Amino acid sequence: MQPEILNSLMPLLTRDFGFAKPVGGWLRKGKCPDCGHKSCFTKEEDPWVIKCERENNCGADFSVRKLYPEIFDTWSNRFPKTKENPNAAADQYLLVQRGLKIDDIKTWYSQEVYHDSKRNQVSATVRFLMPNGGYWERLIDQPSKFSAKAAFSFGCKYQGDWWKPKDQTQETLANASEIWICEGIFNALALRQKGLVAVSVMSSNNYPVNALSALRKTIAELELKTMPKLVFAFDVGQAGENAAKKYVDFARKEGWHTATAAMPMPEGARSEKDWNDLLIAGELEPADFEKYYWNGDILLATSANAKAFLIYKRKNWQGFHFVFDRKTYWAKIDMAKVSKAIEEKMSENAAIKASLDITEIASCAFDFLYFQRNLATDESHYYLRIKVPNRKNAIKAAFTAAQISKGAEFKTRLLSTAAGAQFTGTTQQLERIISLGAQGLNTVQTLDFTGYSRAHETWVLGNLAIHRGQILKLNSDDYFDIGKHQLKLTGDPESWLLRHEYDSDVFFTKWLEPFWTCFRAKGIVVLAFWVMSLFAEQIRREHKSLGFLETTGIPGTGKSTILMFLWKLTGRSWREEYEGFDPAKSTSAALARNFNRVANLPVVLLEADRSGEASFSKRFDWNELKSLYNGGTFRPRALKNGGNETSEPPFRGAIIIAQNHPIITDDTAIPERILPITFDKNGWSHETKAAADKIEAWPQEELSGNLIHILRREKTWWEQFKAQAPIWEDRFLTPDAFIKNQRIRKNHGQLHAGVEALREIFKLSADQIAAAHDLVDQMAKNRAETLAGDHPVVAKFWDQFDYLESNEAYDPDLGGGKVPINSHRKDKDFIAIHFPHFEARCRDAKITPDPVDILKKHLKDSKSRKFVRADTVNSRNGQSLHCWIFKNPRSDETRGDLL
């Protein structure tokens with residue numbers, strides 16, 4: 001391994017595997033990601049593959065190229081071309097990435113540049129000339145950024161021909177005992193490096209009819225008595241397997257009677273290794289090829305009996321299952337019968353074939369892909385691939401342990417999964433299939449939430465995942481491979497929350513101009529908190545808390561418009577317009593699921609304050625959100641396992657509240673956790689209306705990629721946020737912005753930092769950022785004043801009291817024994833409220849007071865008019881009334897007896 005690559009790789013291996021100090025050129029006692037034992041080892045100077053030494057119990061191996069692709073995918077930067085070596089990057093790519101010896105092939109390729117005009121991106125390439133003109137090239141600089149990893153020159157025609165190494169002339173091919181025909185050029189070079197004659201047809205869709213015709217002509221001209229054996233050696237997978245069978249048949253009909261196949265892996269294998277991968281793994285040694293030939297023979301078997309015979313001859317099993325033509329069979333052999341046939345002068349092979357008893361046990365083929373487990377709930381499944389005859393696409397489904405432990409239950413599950421798929425075998429046969437098929441399966445961890453997995457430092461978003469800034473796509477088995485771990489979301493893809501159209505080179509932000517026109521500073525502040533919600537786990541890990549954003553305002557002020565638009569940016573509204581959910585209309589189970597189903601994403605609560613629409617028992621208690629502020633659990637639930645265990649998942653998201661009126665609670669615990677922003681119609685015009693219409697109509701396809709671009713900028717955003725948050729929090733302690741409440745300072749300091757960190761993502765002007773900061777300052781001051789003042793119930797009561805008292809002078813019915821609203825004789829010093837009279841006066845004035853029990857609960861904490869006591873007073877009209885007595889703020893000094 002090149003010293004530069006080794007130096008970059010070793011810190012990562014030490015961090016992730018924890019190898020002991022090297023001994024004798026080997027790194028040992030590394031922690032295996034699969035089995036957890038300190039049993040991994042690799043070569044100190046060439047750590048290409050890391051293996052677990054527990055061969056019988058684990059035997060896992062890990063390619064460092066797949067574990068750490070960031071080290072290997074930008075070759076031209078690390079190995080710039082020079083005048084002396086214009087192929088520097090190409091050389092290193094072939095030598096290091098492909099494991100090829102390049103001394104004798106340096107003139108066969110060149111290093112060139114590929115330009116993607118659509119994306120305006122370039123990559124260095126390794127280019128090979130094609131036999132009929134034109135070229136094929138492999139991109140070597142971050143190929144994942146492009147739509148394809150390789151490209152042909154425009155108009156390049158290779159159909160019917162093959163590419164062959166320059167040292168393999170027509171005469172070389174004609175005199176060869178075998179010609180290996182594979183798909184890619186690198187595969188052909190790998191086989192050639194092991195002494196084979198190999199060519200590349202570039203694709204499994206290309207039968208080399210022209211090349212074979214020319215070869216037949218050369219053989220005739222040389223008057224050779226034998227023809228080479230054609231070995232069709234395509235990649236693992238349905239396309240390669242089908243092509244190999246078809247082309248062997250073609251070749252035999254054309255006179256290549258010894259045409260056969262060889263496969264790098266058995267038919268239907270889970271591994272995706274090709275011949276080049278096997279070269280790197282050290283599995284192209286002479287002893288290995290017997291296995292690859294046998295794989296080809298199995299693939300070409302023309303009947304179930306022929307396939308069973310081949311399996312028995314190699315494995316020597318006396319009872320086994322196998323698949324033929326997408327059906328599953330059971331084969332058993334009676335050795336006594338074989339012995340008797342041999343005694344009767346029958347050949348051993350003929351005796352075996354005659355003694356094989358083959359029975360169909362399933363009208364489909366099925367194989368185990370992996371074992372999936374949810375660590376949070378301790379639920380696990382086996383994930384199977386099911387192939388039914390006459391159906392092109394395979395069906396994938398999860399089976400519980402119970403469903404694969406008995407033949408009858410397995411049959412039921414199969415029938416409910418794939419039409420016509422039926423198991424007719426015995427439980428014992430099923431157990432044998434499981435013992436072979438489920439051995440050594442990868443364990444895929446399933447997530448029952450969408451978003452960020454803190455344990456894996458990965459966002460799992462649906463059709464895409466992001467791990468340390470790298471974009472990952474679902475593999476063919478429906479999970480994300482992030483090196484040491486495999487992850488997937490639970491449920492069917494149609495049920496996933498998010499879906500994205502992402503172009504790595506196009507960060508679409510044309511919406512920013514109408515967004516600003518429509519929402520101004522309030523839009524920037526809401527956008528800042530929305531982006532903060534995408535890093536909620538990181539913020540709570542550092543700051544231990546994250547405030548709740550509350551957007552209030554009368555209908556028609558834009559609350560719904562901005563929230564639905566931001567969901568489009570996040571990729572959620574692909575099925576229908578989504579804004580949030582109403583907790584007052586949700587069951588307890590639905591509430592818990594809504595809070596637990598996302599991580600590093602917002603949870604939007606709508607109109608939960610409509611107390612008149614639900615009975616008291618159905619109203620949502622805002623105090624339940626207290627624990628979520630610090631990432632606590634929302635409503636733990638019992639596990640269905642017969643024990644005392646409970647599931648208490650942490651809250652991983654952020655809270656946004658959208659309703660017409662501010663939250664009212666019994667104490668300040670929730671209000672002081674809230675970042676309040678009020679929407680109104682000030683400044684609205686035809687221009688803002690047009691901008692709002694444009695925002696609402698913007699297609700999701702153009703917007704959803706924003707989320708991916710934001711998350712890939714995690715490092716720069718986080719560094720800015722982390723640096724700015726304490727600065728802005730301390731700013732609230734200055735004399736001109738003094739705020740005593742620590743939570744208000746911290747919450748709004750975080751929001752200021754979120755506004756500032758937007759500079760790392762979007763191109764916002766200094767004026768726009770300044771306007772947002774001014775708004776956050778005002779939000780903090782308003783929140784401090786609200787908490788310093790009376791509870792909303794108390795404030796409403798005194799507003800009603802003042803209204804009634806101010807209108808008494810104009811009330812013609814006040815005389816005649818009618819009691820004034822303030823019953824105290826010393827009305828300049830004290831206020832005495834007799835609640836029955838207060839309610840009666842409210843009815844006369846056609847205003848609605850809060851219930852007396854609610855008033856009594858809050859009025860003792862009145863700040864504007866201090867509560868004195870509840871007592872009987874001699875009222876102004878001479879009656880003795882039981883009143884609540886308060887100090888009148890208009891009094892300079894309370895004097896005399898209260899009674």
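Is C518 buried or exposed? C518 is buried, with a relative accessibility of 6%; buried means under 20% relative accessible area, exposed over 50%, and partly exposed in between, with a 1.4 Å probe and protein chains only.

The structure is a predicted model, in which local features need pLDDT of at least 70 and side-chain atom pairs count only at pLDDT 80 or more, while totals for chains, interfaces and linings use all residues. Residues are numbered from 1 along each chain as its sequence is written, and side-chain values use heavy atoms, with hydrogens and water left out.

A disulfide is a pair of cysteine sulfur atoms within 2.5 Å, and the model has zero disulfides by this rule. C182 takes part in none, as its nearest cysteine sulfur, that of C156, is 17 Å away. C182 is also buried, at a relative accessible area of 0%.

An open, mixed sheet has eight strands in the order β23-β22-β21-β20-β27-β30-β26-β31. Strands are DSSP runs of E with at least two residues, helices runs of H or I with at least four, both numbered from the N terminus; two strands pair if DSSP finds at least two bridges between them. β23 (470–473) and β31 (674–678) stand at the edges, each with a single partner strand, so one side of each lacks a neighbour in the sheet. Strands β27 (598–606) and β30 (652–659) run parallel and are joined by six bridges, and A599 stands opposite R652 in β30.

Angles run from 0 to 180 degrees between N-to-C directions, with axes fitted to C-alpha atoms, for helices over the stretch in contact.

| Helix | Residues | Angle |
|---|---|---|
| α19 | 536–543 | about 105 degrees to β30 |
| α20 | 559–570 | about 160 degrees with β27 |

Terms used
Contact = heavy atoms within 4.5 Å.
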